[in-house]
Amino acid sequence: GSRMVINEPDTPFIKETARHGDSDEEDTRAQPKDFGHELAEKLEKLTVTKEGTVDRQEVDSQLVHERSRQAFKDKRKNHYNEFQLAPSQRESFLGKMLSAILQEDGKLVNDLSATIAVLILEDSRTAKILDSSEDIRAACGKLQLLSAREPEREVPLSRLFARLASSLGASSIAELLLPEAATDVRDVQFASAAMGEIFSRDFPAKEEVAADLRRRILVDLPDMSPEVREVIYCRILPFIETPEFVGELLEFTKGSHEERMVIYCQMIGEIDRVIDWDDVRACISKSTGMIHRKRARWLLERVGGPEVLNSTWQWYWALVESLDEFACHMFKELFTPKLLVVASEASKVEAGAIQGWKMSSLWVEALLEACLNRHDNEAIPKHVLTELGAHPELAMAVLSAVDPQFFCSRIVRAFDENLAVFCNGMKWYARPEKAVGGGENTERSSAGTIEDSRACQDLVNSYVQSGGKISLLLKEVLEGLVNYTSTRVFLEAIGNAEKTAKEPLSEETLGVCLRFATTRVKYFKTALRPKILRLFTAAIEASFKLPSEDILAKDSFQLNLVRFYAILCSFDAPVPQRLVYADLHARWMPKVLSDTSSEDLTVELVSGLVWALPKKSAEIEQIVSALEENLRSTSARAYLPEGVSLRWLALTLFLDEYHSTKVDKDAVMRALPELTSEESFPRMGWLVAALMERFQIEGADANAIISKLESSETPLLEQVHLVQVLAAISTFTRLPRALAK
């Protein structure tokens with residue numbers, strides 16, 4: 001408790017004025033009539049003199065301070081001893097004390113009076129004030145209020161609270177200690193102090209009280225503030241902990257590493273059973289408060305012992321603390337040489353080591369994540385990225401230690417989030433306007449591109465040499481990066497990386513490439529798309545090959561591969577030759593030429609299939625022959641789905657586009673009416689226009705049709721179809737007056 005200051009020399013704190021005698025020692029017995037407000041006034045005036053206590057001018061002296069404390073204790077004991085001779089006075093004192101507590105009289109209920117009341121209750125366990133449970137309950141509540149007003153009196157008041165509450169039942173004690181929805185930190189602190197007093201005694205219902213407290217805590221825990229929960233973990237948990245209760249607390253705090261750290265620090269003896277070292281590392285990488293990292297270090301050193309006091313750990317904590325102190329200059333001096341040592345040691349231990357406190361890749365990842373994401377000073381992540389790109393030996397040590405997924409998801413993405421790194425000493429700088437094609441100085445642009453990606457090239461080379469997969473890196477570049485500059489630099493570095501062997505193109509990687517080509521590339525400016533697509537296809541061609549026959553045999557993989565061809569062709573981008581599967585047309589072209597409807601066989605798919613056909617092959621002639629026969633027979637078919645006509649006419653267009661092979665004009669015209677109906681034309685008019693322009697269908701062709709209509713030998717069904725062809729042609733071509741007949 002706080003020390004009281006007493007003002008008078010060796011005299012009792014109550015003096016009877018009516019007594020006679022020359023000696024002060026005779027005036028030591030207190031009378032009930034003098035007890036009351038006079039007691040409070042005198043208590044505030046009393047102080048300890050130089051004979052046995054501290055002098056205020058010598059407070060800084062440790063010896064004097066200890067002397068004063070001991071003198072005060074002796075004096076307080078002597079004052080209490082005077083009451084032992086008058087039991088009735090003790091009862092009266094307790095009654096007055098209870099009344100003062102219920103009236104919330106802060107002058108009477110002070111450190112000294114509370115301590116004396118506790119000593120009296122210890123000696124006379126059958127005091128009359130303990131008979132009224134309602135008064136005891138009310139008094140306990142008032143003591144909490146008084147302690148909240150004057151926190152410096154927490155200790156003596158909590159002792160009195162504990163002695164009064166001990167006279168009640170177990171359920172009443174738990175209710176008084178932690179009432180429903182305890183939300184005030186000071187109330188919980190007072191309860192924890194009283195709990196320490198209660199549990200330090202030989203209390204028969206101790207286990208019952210502890211069980212009731214555990215139940216109350218688990219019920220109210222979701223409604224408590226983090227500050228209240230921390231007081232419970234630190235000050236109450238040691239009194240009532242059981243393995244089951246701690247397990248429920250850890251389950252509740254799952255995902256809150258800062259709260260879990262407080263619980264771990266209370267359970268050093270059983271730490272190996274309950275600790276999750278990911279929570280400890282999260283305090284280093286994510287927590288903003290310095291206290292959480294200090295707890296992490298304290299816990300690590302307590303569990304690991306001498307093994308975590310070596311030079312590697314010392315340099316590790318030096319880097320962590322330099323971040324906490326915002327000592328940017330110190331961090332820059334330490335980072336490269338010390339991280340090289342730490343990463344080299346970490347690479348020797350597997351990430352899943354049984355002893356989680358051993359230096360491993362996970363601790364290096366926590367440090368790097370703190371540097372890149374937690375720090376407010378933007379110079380820190382910029383320096384980290386610069387050093388990794390400028391020092392291949394450092395990059396190799398780090399990449400050998402950390403998981404490739406961490407490199408891709410954290411370090412690579414950090415380049416995109418810190419574009420200022422492209423303006424540092426590595427001579428990287430963002431200049432997307434130089435990627436615009438046409439009319440620019442090609443020599444200057446090429447030289448600048450090589451200079452820009454030089455350091456990034458070393459970083460990607462180190463990633464490949466350390467065993468990282470290009471597919472993982474490419475996925476992060478294509479889906480995780482947002483800015484043009486970072487995407488361009490990494491795609492170029494991937495294309496020029498020193499690879500020992502090409503990876504098989506997996507279904508996941510093909511899906512990533514397909515999404516980038518169909519969606520992400522459209523976010524870049526139109527003038528920037530050709531260059532980014534060239535780098536994209538170059539990176540794919542340099543890094544991947546076709547997968548095994550088992551994967552190639554899947555319809556979903558083949559369809560995605562054909563769509564990938566078609567998208568690249570639509571952007572006039574070169575298709576990687578290593579990814580061309582020559583057997584695709586043998587499987588899918590018969591389905592395109594059939595007259596059955598299929599949602600998979602879209603115009604985009606037809607484009608990719610035609611592009612994959614071998615140049616000047618006999619198969620092209622066979623396809624053209626079958627296609628002409630199908631087009632001429634459209635009028636004779638009872639029912640032809642719109643998608644089928646669309647496939648055939650699209651096939652006609654792409655054969656001319658990719659292989660310069662034209663289908664007979666008459667066959668094309670006979671199929672046009674299928675796409676010029678009132679329902680189809682708004683969606684398919686673009687294809688009709690393209691075919692009419694490519695096959696030069698003009699008014700002269702309309703005259704030939706009219707001549708057939710005039711002939712009496714033309715069957716009626718043929719005449720109807722010819723009129724439909726004329727209607728299709730008239731959509732884009734003005735017909736002669738002869739049509740009026």
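This is a predicted model: local features need pLDDT of at least 70, side-chain atom pairs count only at pLDDT 80 or more; totals for chains, interfaces and linings use all residues.
Let me begin with Leu651, which, leaving aside residues up to four places away in sequence, touches Met589, Val592, Leu593, Val606, Val610, Ile623 and Leu627, where contact means heavy atoms within 4.5 Å.

Residues are numbered from 1 along each chain as its sequence is written, and side-chain values use heavy atoms, with hydrogens and water left out.

Leu651 is also among the residues with the most contacts inside the largest nonpolar core, together with Leu160, Tyr316, Leu368 and Phe536, and that core has 214 residues. Helix 33 supplies its largest share, 10 residues. By such a core I mean buried Ala, Val, Leu, Ile, Met, Phe, Trp, Tyr and Cys residues joined through side-chain atoms within 4.5 Å, with buried standing for under 20% relative accessible area and exposed for over 50%, using a 1.4 Å probe and protein chains only. Helices here are DSSP runs of H or I, at least four residues, numbered from the N terminus.

Turning to helix 30, residues 584–593, its buried residues are Leu584, His585, Trp588, Met589, Val592 and Leu593. They lie on the same side of helix 30 because they cover an arc of only 140 degrees around the axis, taken from the directions from the helix axis to the C-beta atoms. On the other side, Ala586 and Pro590 are exposed. The buried residues of helix 30 pack against helix 29 (555–570), helix 31 (603–612), helix 32 (618–632) and helix 33 (642–659).

Technical notes. Helices (H or I, at least four residues) and strands (E, at least two) are DSSP runs, numbered from the N terminus.
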